Amino acid sequence: MEKIKFEAEDGQELEFYVEGQAKVGGRSYLLVSDSDDEEAQAYILKDTSQEENETAQYEFVEDDGELEAVSRIFEQMLEDTQLEF
């Protein structure tokens with residue numbers, strides 16, 4: 001599994017394992033986890049960067065409707081994985 005690093009707004013460095021990637025409505029989403037254990041916490045991040053940006057910018061998906069819709073897509077992609085948010 002690929003591990004990526006993010007820098008939070010407060011400058012803190014966060015590391016996540018990429019579990020999957022999907023494109024929904026023209027926007028890219030990442031399913032990430034905080035460890036490679038079975039009991040890992042999962043998060044969905046959306047790409048909010050502009051085309052002219054050199055680096056990608058991701059935000060945690062917080063909208064309940066958006067989170068539910070995108071999580072269903074990831075559940076279909078990862079059939080053997082149970083996601084809870």
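1. Helices (H or I, at least four residues) and strands (E, at least two) are DSSP runs, numbered from the N terminus. Glutamate 68 and arginine 72 both sit in helix H1, four residues apart, about one turn of the helix. The two form a salt bridge (a side-chain nitrogen of Lys or Arg within 4 Å of a carboxyl oxygen of Asp or Glu), with the closest N and O atoms 3.3 Å apart.

2. On provenance: this is a predicted model, in which local features need pLDDT of at least 70 and side-chain atom pairs count only at pLDDT 80 or more, while totals for chains, interfaces and linings use all residues. Residues are numbered from 1 along each chain as its sequence is written, and side-chain values use heavy atoms, with hydrogens and water left out.

3. Accessibility classes are as follows: buried is under 20% relative accessible area, exposed over 50%, partly exposed in between (1.4 Å probe, protein chains only). Glutamate 68 has 47% relative accessibility and therefore counts as partly exposed. Arginine 72, at 46%, counts as partly exposed too.

4. The structure holds five salt bridges. Lysine 46 and glutamate 66 form one of them, at 3.4 Å from N to O. Lysine 46 is in strand E4 (residues 42-47) and glutamate 66 in helix H1, so this pair ties together parts 20 residues apart in sequence. Both lysine 46 and glutamate 66 are buried.

5. Glutamate 13 and lysine 5 also form a salt bridge, with the closest N and O atoms 3.8 Å apart. Both of these residues are exposed. A network of salt bridges links Lys3, Lys5, Glu13 and Glu15.

6. Next, the cores. A nonpolar core is a set of buried Ala, Val, Leu, Ile, Met, Phe, Trp, Tyr and Cys residues joined through side-chain atoms within 4.5 Å. The largest has eight residues: Ala22, Tyr29, Leu31, Ile44, Val61, Leu67, Val70 and Phe74. Strand E3 (27-33) and helix H1 (64-77) each supply at least two residues of this core. H1 gives the most, three residues. Another core, of seven residues, lies apart from it and includes Phe16, Leu30, Val32 and Leu45.

7. Aromatic rings of Phe, Tyr and Trp (its six-membered ring) pair if their centres lie within 6.5 Å; planes under 30 degrees apart count as stacked, over 60 as edge-to-face and the rest as tilted. The count by this rule is five aromatic pairs. Phenylalanine 16 and tyrosine 43 have ring centres 5.7 Å apart and planes at 65°, so they are edge-to-face. This pair links distant parts of the chain, strand E2 and strand E4, with the residues 27 apart. Phenylalanine 16 is buried, at 6% relative accessibility. Tyrosine 43 is partly exposed, at 28%.

8. Tyrosine 43 also pairs with phenylalanine 60: the centres are 5.5 Å apart and the planes at 75°, so this pair is edge-to-face. Phenylalanine 60 lies in strand E5, 17 residues from tyrosine 43 in strand E4. Phe6, Phe16, Tyr43, Tyr58 and Phe60 form one aromatic cluster.

9. Last, the largest pocket, with a volume of about 490 Å³. A pocket here is an open set of points on a 1 Å grid over the protein atoms alone, where a 1.4 Å probe fits, with protein on both sides within 12 Å along at least five of seven lines; lining residues have an atom within 4 Å of a point. Of its 15 lining residues, Phe6, Glu7, Ala8, Tyr58 and Glu59 are closest to the centre.

Terms used
Grid points are joined across faces, edges and corners, and a volume is the space filled by probe spheres set on the points.
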